[in-house]
Amino acid sequence: MVPWWAKGSHKGTSVVVKMENPNWSMVELEAPSEEDFLIGSTPTGSREKLRGKNAKQLTWVLLLKAHRAAGCLTSITSTFLSFGSTVRRRVASGRTDDNDIETDENKAVKTGFYNCIKVFLWLSLLLFCFEVAAYFKGWHFGAPNLQLQYILSVPLGFKDLFDWLYTHWVLIRVGYLAPPLQFLANVCIVLFLIQSMDRLILCLGCFWIRLKKIKPIPKHEAVADLESGENSFFPMVLIQIPMCNEKEVYQQSIAAVCSLDWPKSRILIQVLDDSDDSMTQLLIKEEVHKWQQEGAHIVYRHRVLRDGYKAGNLKSAMSCSYVKDYEFVAIFDADFQPSPDFLKRTVPHFKDNEDLGLVQTRWSFVNKDENLLTRLQNINLSFHFEVEQQVNGVFINFFGFNGTAGVWRIKALEESGGWLERTTVEDMDIAVRAHLRGWKFIFLNDVECRCELPESFEAYRKQQHRWHSGPMQLFRLCLPDIIRAKISVWKKFSMIFLFFLLRKLILPFYSFTLFCIILPMTMFVPEAELPAWVVCYIPAIMSFLNILPAPKSFPFIVPYLLFENTMSVTKFNAMVSGLFQLGSSYEWVVTKKFGRSSEGDLVSLVEKGPKHQRVGSEPNLDKIQADLKQEQKTRKTKHNRIYTKELALAFLLLTASARSLLSVQGIHFYFLLFQGISFLLVGLDLIGEQ
């Protein structure tokens with residue numbers, strides 16, 4: 001009796017499998033036929049034939065899977081070989097990050113920090129070998145399930161020397177190492193939770209602003225006066241472009257500022273050139289002269305004594321006698337390109353608002369998709385502007401001036417003491433002093449000014465060092481003034497705890513201490529532990545909140561989390577340098593720019609501009625193109641850097657991840673493994689422009 005599902009003709013359907021290996025040919029597998037369903041009614045010979053056929057098909061399927069596995073292994077092997085060759089080249093031709101040390105004090109500080117990391121590394125390697133040997137001798141336990149009673153009850157005569165040593169090591173870490181380590185871990189967890197709560201409150205504030213569509217709106221009369229073209233509200237505006245040896249971007253910034261839609265008679269552009277390269281000075285001076293011939297009200301200034309870096313440059317420019325004729329000053333760094341309507345969208349906010357001292361605009365980035373490093377920077381800065389700056393501007397009328405793309409009331413600058421050269425964050429310094437004087441700030445999230453992100457890790461690292469050492473310098477200097485200031489207690493608390501301590505000191509401290517020191521140590525002292533929600537869940541939630549202002553960057557949420565922890569080394573080192581007034585806190589290194597947008601913007605400007613502008617711009621464009629090509633050739637032969645602190649921490653974390661396997665701590669293993677790989681990539685300079 002043939003079942004109903006076996007009735008009818010079951011014609012075999014061919015399945016063609018193509019083998020990628022040229023030594024193997026194509027094979028055809030057939031679907032089950034009618035005979036396959038009648039095994040019970042077929043004779044013994046036919047049964048053996050069918051079994052042989054099925055065995056042959058199974059063999060080909062297994063060969064296919066073996067082929068796929070071999071292809072996968074080949075791909076993985078080639079990837080590791082390529083990575084290994086890249087590492088060998090970097091190590092052979094690389095220079096360590098100690099080569100840029102200039103002073104003996106800096107060398108002592110950096111060497112001391114590096115030596116501390118090396119001590120932790122060698123100690124972890126020694127303990128790892130000790131723990132592996134103990135594991136193979138039967139010491140199997142995980143944190144914190146250690147039975148001390150059992151250890152103490154075993155008679156000493158039944159132990160060999162190794163067991164005796166390991167028993168006492170366990171007693172030492174239980175009695176003396178675990179308690180202080182757990183206490184320090186708990187302190188960092190509390191700081192971590194406080195900072196996470198602050199981050200959550202900022203995000204809720206940003207959500208409320210979006211929900212209620214809150215944004216600063218200028219007086220209707222001021223906008224109407226500008227649209228009608230009346231000179232009654234075209235105040236005198238001074239524009240300053242400080243620059244130093246930035247030949248890649250000077251043309252685009254000067255061209256953008258000279259194209260601002262504002263009456264020529266009511267604007268003056270100061271190009272403040274601090275370049276010490278004579279060729280760069282000549283190029284900038286020639287560019288200024290060409291725009292003067294086109295009718296732009298622009299002047300060139302060069303200091304012989306370059307004291308005080310950018311603050312000294314701006315202070316020198318404000319001492320000019322003609323500055324008293326101007327009411328506002330707009331500042332743009334050399335790589336910033338304001339849109340033509342920039343002044344028309346910012347200056348009206350000052351009308352009939354005598355307490356307003358600063359209007360800050362948002363940055364946008366022309367090279368945010370250039371490489372992984374610029375994408376990760378875009379996430380950070382998008383959160384900074386859309387969440388931190390906007391929320392602080394709306395609710396407390398205070399935030400740190402970003403140093404560029406902002407308009408100041410000159411009276412506010414003068415009453416606050418003007419530019420001071422006492423720190424490397426002159427922008428934050430003047431903002432704090434102006435706020436203590438009662439001036440209010442406005443942040444415009446819908447007004448963007450284009451600029452360029454650093455594309456190499458070396459440039460980004462130096463920039464972050466300056467951004468995190470300067471605030472600690474300023475905190476030491478401003479703390480007495482904040483305490484004595486005639487402002488409310490809430491504003492004093494907000495400035496001291498939230499602005500300085502929580503966001504400038506506590507954040508880099510716990511990021512480095514908790515994830516780069518305490519977490520690896522808990523793998524070797526398993527009696528002290530970090531919960532999984534501290535290691536994984538809360539950092540993931542905070543990274544998710546950080547990435548919300550840049551939703552297109554969601555695929556990079558894991559690299560962002562790992563990279564932020566990697567950068568905590570640089571930020572922690574900078575924070576300590578600034579807090580204790582060490583030599584490296586006074587370093588000012590101009591961030592390297594590549595002028596990614598200069599060619600396209602200049603071509604666009606030439607095409608849209610009148611013919612008489614075209615004659616003056618084309619030769620310089622050709623010159624810039626030639627310079628860019630020469631720069632690219634030079635860049636190809638430059639040495640890669642080897643960052644020793646990051647490499648040492650990479651091996652420390654990888655060793656700790658291997659130790660975590662002995663305690664079967666899954667989430668800790670994966671976190672330490674990927675964090676160690678992140679440190680390794682950064683230490684070998686495998687992130688950024690390369």
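Which residues point one way from β5 and which the other way, and are they buried or exposed?

Modeller: This is a predicted model, in which local features need pLDDT of at least 70 and side-chain atom pairs count only at pLDDT 80 or more, while totals for chains, interfaces and linings use all residues. Residues are numbered from 1 along each chain as its sequence is written, and side-chain values use heavy atoms, with hydrogens and water left out.

From β5, I267, I269, V271 and D273 point one way, whereas L268, Q270 and L272 point the other way, and all are buried, where buried means under 20% relative accessible area, exposed means over 50% and partly exposed lies in between, computed with a 1.4 Å probe and protein chains only. In a regular strand the side chains alternate between the two faces of the sheet. Because seven of the seven residues of β5 are buried, the strand is largely enclosed by the rest of the structure. The strand itself, like the other elements named here, is a DSSP run numbered from the N terminus, with helices (H or I) needing at least four residues and strands (E) at least two.

As for its neighbours, β5 pairs with β4 in the parallel sense over seven bridges, two strands being counted as paired if DSSP finds at least two bridges between them. One of these bridges involves M243, whose partner in β5 is D273. Both strands belong to an open sheet of seven strands, with mixed pairing and the order β6-β5-β4-β7-β9-β8-β10. The edges are held by β6 (298-302) and β10 (440-451), each of which has a single partner strand, so one side of each is left without a neighbour in the sheet. From one strand to the next, the twist averages 20°.

Helix α8 (residues 309-318) packs on this sheet and touches β4 (237-243), β5 (267-273), β6 and β7, with its direction making about 145° with that of β4. Here contact means heavy atoms within 4.5 Å, and the angle, on a scale from 0 to 180 degrees, is taken between N-to-C directions of lines fitted to C-alpha atoms, for helices over the stretch in contact.

Elsewhere in the sheet, strands β7 (residues 328-331) and β9 (residues 406-409) run antiparallel and are joined by four bridges, among them the one that pairs V329 with W408 in β9. R409 also forms a salt bridge with E327, the closest N and O atoms being 3.8 Å apart; the term stands for a side-chain nitrogen of Lys or Arg within 4 Å of a carboxyl oxygen of Asp or Glu. This pair links distant parts of the chain, 82 residues apart, with R409 in strand β9 and E327 in the loop between α8 and β7. R409 is buried, at a relative accessible area of 4%, whereas E327 is partly exposed, at 38%.

A further salt bridge, with an N to O distance of 4.0 Å, joins the side chains of D446 and R345.
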